[in-house]
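Dear colleague,

Please find below the sequence and structure that I am handing over to you. My findings follow directly after it.

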Amino acid sequence: MRGTDHVPIRCAALTGKVGERAACGIYEWRPNPCRELEPGSYGCEKARARHGMAPLDPQML
Ligand code: SF4
């Protein structure tokens, strides 16, 4: 959870630029909350909106 004490919040493991090209630098070892977040879920869409991103196309899921 390193990075959550910064403003804006940004996970220390996140590489790249959100909305363009981003990746998890510890994907194989990511914590359970990250593993449990499903694409298109309420939490996912809320995070996308926070970054000015459009909702996911349900046909892409
Ligand atoms: S999946 Fe989790 S650990 Fe990986 S960058 Fe995103 S918030 Fe960080």
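Which strand and helices each supply at least two residues of the lining of the largest pocket? They are strand S2 (21–24), helix H1 (32–36) and helix H2 (42–50). Please note that this is a predicted model.

Of these elements, H2 gives the most to the lining of the largest pocket, contributing six residues. The volume of the largest pocket is about 1,600 Å³. It is lined by 35 residues, of which Cys-11, Leu-14, Cys-34, Leu-37 and Ala-47 are the closest to its centre. Divided by class, the lining comprises 22 nonpolar, four polar and nine charged residues.

The ligand sits in this largest pocket. Surrounding the ligand are Cys-11, Ala-13, Leu-14, Cys-24, Ile-26, Pro-31 and Cys-34. As to class, the shell around the ligand has seven nonpolar residues, with no polar and no charged ones.

Strand S1 (residues 14–17) pairs with S2 in the antiparallel sense, over four bridges. Within this pairing, Thr-15 has Ala-23 in S2 as its bridge partner. The two strands, S1 and S2, form a hairpin with three residues between them. In the turn, Gly-19 has a positive phi of about 95°.

Yours sincerely

Technical notes
Residues are numbered from 1 along each chain as its sequence is written. This is a predicted model: local features need pLDDT of at least 70, side-chain atom pairs count only at pLDDT 80 or more; totals for chains, interfaces and linings use all residues. Side-chain values use heavy atoms; hydrogens and water are left out. A residue is near a molecule or strand if one of its heavy atoms lies within 4 Å of it. On a 1 Å grid over the protein atoms alone, a cavity is a set of points where a 1.4 Å probe fits but cannot get out, and a pocket is an open set with protein on both sides within 12 Å along at least five of seven lines; lining residues have an atom within 4 Å of a point. A molecule sits in a cavity or pocket if more than half of its atoms lie within 2 Å of its grid points. Ala, Val, Leu, Ile, Met, Phe, Trp, Tyr, Cys and Pro count as nonpolar, Asp, Glu, Lys and Arg as charged, and the others, Gly among them, as polar. Grid points are joined across faces, edges and corners, and a volume is the space filled by probe spheres set on the points. Two strands pair if DSSP finds at least two bridges between them.
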